[in-house]
Amino acid sequence: MGIFGRIINDILWNLNTSISSFTLHRITGIALVLFLFLHVWTLSAVFQGVEGFEKAVSKFNNPLGHAMEYTLFLAVTFHLLNGLRITLVEFLALAPQQERLLWAGLVVLSIMGIYGVILIF
Ligand code: HEM
C-alpha cells in the first residue's frame, strides 16, 4: 500500500470527531488555496474589458456554477468556524470543551448552510 493508501486507511480506521474535523480542515484549507487560482484566473478577464469580464463571470451563472459557489461557501464557513475553535482551544486552554465547541460550530454551520441555500439558489 502506498503512502496515500496508508493515510486513508489510518483515517478510516480511527474515525472520531477529532480526526474527522482535522481531515476536513485540511481538505477545506487545500481546496481554498486551489479555489484562489480559479478566482484570480476568472477575475483576470477584467483586462479584456467590460464585455470580456462579464462573459467570464457569466460562465458560473448556471446550476453547476451555483452548486460550486455553495460548496465554496460551506468550505469557507467550516474552515472559518473550525479555525476559530482551534484558536480558542489553544489560546484559552479550552481542550476539555473542544468537542462541545465543535458541535456548536456544526450547529452554526447548519444554520449558515440553510441561509446559503436561500442566498445562492
Ligand atoms: C476564514 C478565516 C480562516 C481561519 C479562521 C483559518 C484558520 C486556520 C487555522 C487555525 C489553521 C491551523 C489548523 C491547525 O492548527 O490544525 C488553518 C490551517 C490552514 N488554512 Fe486556514 N483559516 C482561514 C482561512 C483560510 C483560507 C482563506 C485559506 C486558503 C486560501 C486557508 C488555508 C489553510 C490551509 C491550507 C491550512 C493548513 C491545513 C492543515 O495543516 O491541516 N485558510 N487555518
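The term pLDDT denotes the predictor's confidence in each residue, from 0 to 100. The structure is a predicted model, in which local features need pLDDT of at least 70, side-chain atom pairs count only at pLDDT 80 or more, and totals for chains, interfaces and linings use all residues. Residues are numbered from 1 along each chain as its sequence is written.

**Exercise 1. Confidence and fold**

Task: State which helix of the protein chain has the lowest confidence and which the highest, and describe the order of the elements.

Solution.
- Step 1. Elements are DSSP runs numbered from the N terminus: helices are H or I runs of at least four residues, and strands are E runs of at least two.
- Step 2. By this rule the protein chain contains five helices and zero strands, and its pattern along the sequence is α-α-α-α-α.
- Step 3. The mean pLDDT over the protein chain is 95, with 100% of residues at 70 or more.
- Step 4. Confidence is lowest in α1 (residues 3–13), where the mean is 87, and highest in α4, where the mean is 98.

**Exercise 2. Overall dimensions**

Task: Compare the radius of gyration of the protein chain with that of a compact globule of 121 residues.

Solution.
- Step 1. The radius is taken over C-alpha atoms, and the globule rule is 2.2 Å times the number of residues to the power 0.38.
- Step 2. For 121 residues a compact globule would have a value near 14 Å, whereas the protein chain has 18 Å.
- Step 3. Along the principal axes, the C-alpha atoms fill a box of roughly 55 × 40 × 25 Å.
- Step 4. Burial is decided by the number of other C-beta atoms, placed from the backbone, within 10 Å of a residue's own: 20 or more is buried, 12 or fewer is exposed, and values in between are partly exposed. Buried residues make up 3% of the 121 residues in the protein chain.

**Exercise 3. The shell around the ligand**

Task: Determine which element gives the largest share of the shell around the ligand.

Solution.
- Step 1. A residue is near a molecule or strand if its C-beta atom, placed from the backbone, lies within 6 Å of it.
- Step 2. There are 13 residues around the ligand, and Arg26, Gly29, Leu32, Leu80 and Gly83 come nearest. The elements that give two or more residues to this shell are α2 (17–43) and α4 (63–91).
- Step 3. The largest share, seven residues, comes from α2.
- Step 4. Ala, Val, Leu, Ile, Met, Phe, Trp, Tyr, Cys and Pro count as nonpolar, Asp, Glu, Lys and Arg as charged, and the others, Gly among them, as polar. The shell then has seven nonpolar, five polar and one charged residues.

**Exercise 4. Individual residues**

Task: Classify Phe78, Gly52 and Ala93 as buried, partly exposed or exposed.

Solution.
- Step 1. Phe78 lies in α4 and is buried, because 21 other C-beta atoms lie within 10 Å. Two residues are in contact if their C-beta atoms, placed from the backbone, lie within 7 Å. Apart from neighbours within four places in sequence, Phe78 is in contact with Leu24, Thr28 and Leu109.
- Step 2. Gly52 is placed in helix α3 and is partly exposed, because it has 13 C-beta neighbours inside 10 Å.
- Step 3. Ala93 belongs to the loop between α4 and α5 (98–120) and is exposed, because it has 9 C-beta neighbours inside 10 Å.
- Step 4. The phi of Ala93 is near 50 degrees, a positive value in a residue other than glycine. Most residues other than glycine have a negative phi.
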